[in-house]
Amino acid sequence: MDYNSLIDEETWAFIAQTIESYPEDAVELSIEGQRQVYDDMCRVFHQGYPDGVEATDVQANGVPVRVYTAGQPTRTVVYYHGGGFVVGGLESHDDVCAEICVQTGYRVVAVDYRLCPEFRHPVQFQDSWAATEWAASEFGDPLILAGDSAGGNLAACVAHHSRGRLDNVLGQVLIYPGLGGDMTKGSYLEHDKAPLLTLDEIKFYQTVRFHGDEPVGDPTYAPLHDTDFSGLPPTVVFTADCDPLRDDGRDYRDRLQEAGVKAHWINEDGLIHGYLRARTTVGRARDSFERISIAIEALGQGIWAYD
């Protein structure tokens, strides 16, 4: 793959800055070491809060969450952070959540689910579901589910599980999610050595998610493994074109559309996994983040702008 022709100079500069804090061989470090370099990297890219945002840390059915507000919100976004189920937390996506709050006007509840390998599947899903139920009950507002990477997986898992259990999920926005696609074909092979996320790294993150045999047919583990995609909320999926996980977003869109669900897939040319942190320095990432915020806001208002 000729990434020099696909990736622009701004994005290469972002990649280089990321690697300064989070080396390309980070998965070879201890779990503690991985978390340390990831946290260091997130601090480097933290943009601070926009004016008018307030954030409060509380417990949501025993799960730590951070609640962001600006004004008088009438919708709640439940946000699940990325990090391969191994790294990340309330600090790693703190500024992203604050900006979503301001740009949409909605409340944002960031979920601090327990991490692998100390806690394995289904703990991450259970924490995410518990926090989502809390948000629905605590605020009484309709919900939009959102997340990136591993968090995109959890958002979709919650969406699938919420059918018949929550009646106020207006939509989901998934950002370069890993949804349980076939790692022997497509983008997994085409971009197996992509900058900032390789196929080997995805396989590592997968192996620490479960005990014993990998779960089969469990949509709380891999949403693409579900057998019923009907009744899901309107969905917008964003993927990075230079990312092994790219085809998961396309395939998920296809499954939803086949089941009669409103679904739209936006594949961002020239971008790589983790580009949310590049939203203020890379034009393509800035444009994508604007599209993400617009999608969240529109779904919250019951607007579908993709037909």
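A residue counts as buried when its relative accessible area is under 20%. With that cut-off in hand, here are some close-up views of this predicted model.

View 1. Look for Ser149 in the loop that runs between strand S5 (143–148) and helix H6 (150–162). The unreviewed UniProt entry lists Ser149 under "active site". Setting aside neighbours within four places in sequence, you will find Ser149 in contact with Gly82, Ile175, Tyr176, Pro177, Gly178 and His273.

View 2. Follow the chain back from the loop of Ser149 and you reach strand S5 (143–148). Six of the six residues of S5 are buried. Leu143, Leu145 and Gly147 point one way from the strand, while Ile144, Ala146 and Asp148 point the other way. S5 pairs with S3 in the parallel sense, over five bridges, and here Val78 has Leu145 as its bridge partner. S5 also runs parallel to strand S6 (residues 169–175), to which six bridges join it. In that pairing, Ala146 stands opposite Val173.

**View 3. The largest pocket, with Ser149 among the residues closest to its centre.** This pocket has a volume of about 880 Å³. Its lining is made up of 49 residues, and the closest to the centre are Ser149, Leu197, Ile202, Tyr205 and Leu245. Helix H2 (9–21), H3, H6 and helix H8 (199–207) are the elements that give two or more residues to the lining. H8 gives the most, with five residues. Sorted by class, the lining of the largest pocket holds 23 nonpolar, 15 polar and eleven charged residues.

**View 4. The second largest pocket, lined in part by helix H9.** About 190 Å³ of space lies in this pocket. It is lined by 14 residues, of which Gly181, Asp182, Lys185, Leu224 and Asp251 are the closest to its centre. Helix H7 (187–190) and helix H9 (246–258) each supply at least two lining residues, and the largest share, five residues, comes from H9. In this lining you can count two nonpolar, five polar and seven charged residues.

**View 5. Helix H4, a mostly covered helix.** H4 spans residues 94–104, and nine of its eleven residues are buried. These are Asp94, Asp95, Val96, Cys97, Ala98, Glu99, Ile100, Cys101 and Thr104. What do the buried residues of H4 pack against? Their partners are helix H3 (31–45), strand S2 (63–69), strand S3 (76–80), strand S4 (107–111) and helix H10 (283–300).

View 6. A search of the whole structure turns up two cavities of 30 Å³ or more. The largest cavity holds about 70 Å³ of space. Its lining consists of Cys42, Phe45, His46, Glu91, Ser92, His93, Asp95, Val96, Arg277 and Arg279. H3 and H4 are the elements that give two or more residues to this lining. By class, three of the lining residues are nonpolar, three are polar and four are charged.

View 7. To find it, pick out Tyr68, Tyr79, Tyr80, His81, Gly89, Leu90, His93, Asp94, Cys97, Ala110 and Val111, which line it. At least two lining residues come from each of S3, H4 and S4. The lining of the second largest cavity divides into seven nonpolar residues, three polar and one charged.

View 8. Is Ser288 buried or exposed? Its relative accessible area is 0%, so Ser288 is buried. Leaving out neighbours within four places in sequence, Ser288 is in contact with Phe238, Glu268, Leu271 and Tyr275.

Notes: Residues numbered from 1 in each chain as written. Predicted model: local features only at pLDDT ≥ 70, side-chain atom pairs only at ≥ 80, totals over all residues. Heavy atoms only, no water. Buried < 20%, exposed > 50% of the residue type's maximum accessible area, 1.4 Å probe, protein only. Helix = DSSP H or I, 4+ residues; strand = E, 2+ residues; numbered from the N terminus. Contact = heavy atoms within 4.5 Å. UniProt positions renumbered as here; feature names shortened; annotations may be inferred. 1 Å grid on protein atoms, 1.4 Å probe; cavity = no way out; pocket = protein on both sides within 12 Å on 5 of 7 lines; lining within 4 Å. Points joined across faces, edges and corners; volume = space filled by probe spheres on them. Nonpolar A, V, L, I, M, F, W, Y, C, P; charged D, E, K, R; others polar. Pairing = 2+ DSSP bridges.
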